[in-house]
Amino acid sequence: MKALISIATAGLLVLQPWITYDPGPGGDTSARGSQTGDSGENLRAEIESRRIKVSGNGVRGGKGDGFRMKRPCWYEPFLNAEDMHRFFTEGRDAANRARIDEESFRAFTQQFKDKLGQKGLWWTPGYNKGDPAGAACWADLQQFLFVPPGVTPPSGITIEQLAELARAAMTVPEQTVQLNPDAKSFVNLPTHVWLEGIGETRRSVTAEIPGVMSVTLVATLQDLKIDSGTTPDRAEVTASGCGTAGKPYVKGGEFSCGVRYLRSSIDQPRETYPLTVTAVWPVEVQGDVVPFQFAPVELGVTRDVPVGEIQSNVKPPN
């Protein structure tokens, strides 16, 4: 499992129309993807960046597993000396800022003027604002950093970090768990389990700095896991025939995916067993240059299953 890196041959990075003047806490974002962490909090992979783009069918329309980047902020290459100077000194916005406070504006733009004619690129900070540590990490970085050609500054974004951005943005469809019997099960009666609402079983996310480097992650539904919500002496899980999405109940069919409860749930909290079905989406990094390993995206859904006992009346012989 590897990532593909494409390096631009040109020294000039093209200014994108969605670039904001001052990306940082409270600014615009270029990509969003909702995730739910282990503790249940809603995390959003919101990438605050001048250059990075995140795209693919895995960015929206699902939930994630709360993946956290090792370092949720970075420097990224932006513009060369001449383009950076023009970006901050030309146009209506620059004129308005100069008119409001000409002295401060001149002091601010002097740093860009000083680098005119020098080879290299201005690097600017970016961060994942959906990460609880993202804003604080971003605050420790300089707003602008001029870097000579062929040099990556400390905390400069790496292909591994770009892959982590893609993993943080990855979401998968939120499935619906179907059971048979549905409303209530009984001791020793097989409870068939399957999933509905999965839709497309392949999700991809590409994170890229256009013209610099790119990485694509693909998550593919491979398996489901069943947790009966109780101990083995109370339930037997059968998963030999589950496949990727379980096996719907068919009258007279073989029981190969589900749970057989061995004891009533009457003595349990809420008098039910919390049955959890988890869809497992292994993640692969496309390409054949740099290898990375990521844990699968696992999305679980829990249903309360009441389990009763079938009562029978036995008549004594005459």
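First, terms: axes are lines fitted to C-alpha atoms, for helices over the stretch in contact, and angles run from 0 to 180 degrees between N-to-C directions. Helices (H or I, at least four residues) and strands (E, at least two) are DSSP runs, numbered from the N terminus. This is a predicted model: local features need pLDDT of at least 70, side-chain atom pairs count only at pLDDT 80 or more, and totals for chains, interfaces and linings use all residues. Numbering starts from 1 along each chain as its sequence is written, and side-chain values use heavy atoms, without hydrogens and water.

Helices. H1 covers residues 81–89 and H3 covers residues 102–113. Their axes come within 9 Å and cross at roughly 165°. That makes H1 roughly antiparallel to H3 (angles over 145 degrees count as such).

Who makes the contact (heavy atoms within 4.5 Å)? From H1, Met84, His85, Phe88 and Thr89. From H3, Phe105, Phe108, Thr109, Phe112 and Lys113. By class, the contact residues are 5 nonpolar, 3 polar and 1 charged (Ala, Val, Leu, Ile, Met, Phe, Trp, Tyr, Cys and Pro are nonpolar; Asp, Glu, Lys and Arg charged; the others, Gly among them, polar).

Now the sheet. It is open, with 3 strands in the order S14-S17-S20, and the pairing is antiparallel. Pairing takes at least two DSSP bridges between two strands. S14 (223–227) and S20 (297–305) are the edges, each with a single partner strand, so one side of each has no neighbour in the sheet. Twist averages 20° from one strand to the next.

S17 (residues 273–281) and S20 are joined by 9 bridges. Among the partners, tyrosine 273 bridges to valine 305 in S20.

Technical notes:
Angles under 35 degrees count as roughly parallel, over 145 as roughly antiparallel, 65 to 115 as roughly perpendicular and the rest as oblique. Contact means heavy atoms within 4.5 Å.
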